[in-house]
Amino acid sequence: MMDEKNRIIWFYTIDFLQTFSSVFYDHMPISIPLLRDFQKFVERHISRTVFKKRNIQLNLNIQSTCEPYLLKNIQFNKEGAYYLVRSDLYPLTSGIKHKCIYLAHHQNEYNKMLKIKQCRPLYYLNQLPEKELPINEAKKVNIQLNQIFHNKNTSAFLKNKLFITWMRNSVKKLLLYIRKVHWLFEKYSFSKTIYGSTINRHGALITTFAQSRKIETINFQHGIMGEIGHLPINADINLVWGKSHLDFLSAFGAPKEKMKIVPPYFPKSKKLITKIINTEPKLSNHSIKTNENRLPINILVALQPLSIDFNKRMIQNIESSSNKFAGKFHIHFKLHPDQDIKDFKNLVSSPNSYLYEHNTITIQELLSKCDLLITHSSAVAFEALILRKAAVFYSSQTNMYYLQGTPLFVKTNEEVYNLFSRLAISPSFLKDIASRISLKDDHTYYKSENYNIEQYIK
């Protein structure tokens, strides 16, 4: 069952799609590229009275409810000479025969991929020129927005001043990026797009533009799926990591004929990319050694892009509990790429605790040399289980659709303390934790070196 928070977010999401579905710019709807940012906006302000709604009725077939507002490609333009690929998915395409154009959406991503000489031609979204479009098109969008904001049938939520300000600013940025993308699509002839998300901001921008030009779109599963962020599926082909992931999407109405099962693939841990970049840092003076039923136990804590307050509580809770067992644990906190080390640096003070920011060490190197993973909910846990590592979830008990068994959840101070206490008394408890759960899908082929995305996208 969908929890109340997600139900509220989806209630307003459907209202948003319905209300703005008629607003187009450069032949593409503006509502789909704004969908995830709108959901994040609702989540940020969900406690405000104007956003509260209880006992709401919602069709949980999310796919069919959203379907009228998605673009449908019936006949594809297959004459294009290139595939357009999100640049951080370069390893997926490094062995294919078709020519690719790579597009980076963030400065760090662009700088990283510049080091890979084979990842060419490479473009950075913010540096693309703008296609000159008739000024009347942008004026028409603003006129339509004003009409919606002043329409008596528009819901109070979508006429709130806070939302109107957010919407105007978001649309202004979106129109700019549409003009940039138009320039790229005019410079090159594309037959497919390959992205790690077709719902998140940048993936939705590219996917929706491509669909408006009858270009086939491919979505490659980029992490563990959730009700928010992976629905509705919005691509012509959706590549998922196994039957459990396919079943999860199908439960919300996603059509099985649009999904294909592929081996899981984590570009950042692929040997090819680390070999080319050749910048993998060492663990310096606190080198990690794997545990063989002895202390100290090395624990990796993978932070997630949740609120700063949540991650601070998580760090403080784990630090305070581990410090009660001096010298028995080494804690390795790994920040998510979206997090700034200055927000958490003062929280890690133990001589046996370490804080790693993005681009200083890979999560895979830490994971391979630690004995236990603690995380909220992440593809890192998926990788840990592939490596047969013990994993504990810092969360309230919830259904992990891709797991079988009984996951161990810790959230309160008492639960975290009890976990460390049992590990301190008996390091072999790690084996008990590891034996509690396994992946539903067989991923023994994960380590195959012959992975070729081309066989799945023809």
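Arg-388 is exposed, with a relative accessible area of 72%; here exposed means over 50% relative accessible area, buried under 20% and partly exposed in between, using a 1.4 Å probe and protein chains only. Its place is the loop between α13 (379-386) and β14, where helices (H or I, at least four residues) and strands (E, at least two) are DSSP runs numbered from the N terminus. Although Arg-388 is not a glycine, it has a positive phi of about 60°.

This is a predicted model, in which local features need pLDDT of at least 70 and side-chain atom pairs count only at pLDDT 80 or more, while totals for chains, interfaces and linings use all residues. Residues are numbered from 1 along each chain as its sequence is written, and side-chain values use heavy atoms, with hydrogens and water left out.

His-27 also has a positive phi, about 70°, without being a glycine. The loop between β1 (24-25) and β2 (28-29) holds His-27, which is exposed with a relative accessible area of 60%.

**The overall picture**

The protein has 16 helices and 17 strands. Of its 458 residues, 56% count as buried. Among contacts (heavy atoms within 4.5 Å) with a separation of 6 or more, 67% come from residues 24 or more positions apart.

**The seven-stranded sheet**

Let's turn to an open sheet with parallel pairing, whose seven strands follow the order β5-β4-β3-β6-β7-β8-β9; two strands pair if DSSP finds at least two bridges between them. Because β5 and β9 (259-261) each have a single partner strand, they stand at the edges, and one side of each is left without a neighbour in the sheet. On average, neighbouring strands of this sheet are turned by 20° against each other, direction ignored. For such angles, axes are lines fitted to C-alpha atoms, for helices over the stretch in contact, and values run from 0 to 180 degrees between N-to-C directions.

Helix α5 packs on the sheet by touching β3, β4 and β5, and its direction makes about 160° with that of β5. Strand β4 (residues 99-104) has five of its six residues buried, so it is largely enclosed by the rest of the structure. Together, β4, α5 (residues 107-114) and β5 make a right-handed β-α-β unit: with the strands pointing away from the viewer, the path from the first strand over the helix to the second runs clockwise.

| Strand pair | Bridges | Residues opposite each other |
|---|---|---|
| β3 and β4 | five bridges | Arg-86 and Leu-103 |
| β7 and β8 | three bridges | Ile-218 and Ile-237 |
| β10 and β13 | four bridges | Ala-302 and Thr-375 |

One runs from Arg-120 to Pro-121, with omega near -5°, and Pro-121 sits in the loop between α5 and β5. Another joins Leu-231 and Pro-232, with omega about -10°; Pro-232 belongs to the loop between β7 and β8.

**Around β10**

What makes β10 (residues 297-302) largely enclosed by the rest of the structure? Six of its six residues are buried, so the rest of the structure largely encloses this strand. Ile-297, Ile-299 and Val-301 point one way from β10, while Asn-298, Leu-300 and Ala-302 point the other way.

With 15 residues, α11 reaches 21 Å from its first C-alpha to its last, close to the 21 Å expected at 1.5 Å a residue; the expected span is 1.5 Å times one less than the number of residues. Buried residues of α11 include Phe-310, Met-314, Ile-315 and Ile-318. The helix's buried residues pack against β10, β11, β12 (353-356), β13, β14 (390-394) and α14 (413-425).

**Two helices in contact**

Helices α14 and α15 (residues 429-436) pack at an angle of about 125°, with their axes 8 Å apart. That makes α14 oblique to α15, since angles under 35 degrees count as roughly parallel, over 145 as roughly antiparallel, 65 to 115 as roughly perpendicular and the rest as oblique. Leu-419, Arg-422 and Leu-423 of α14 meet Phe-429, Leu-430 and Ile-433 of α15 in this contact.
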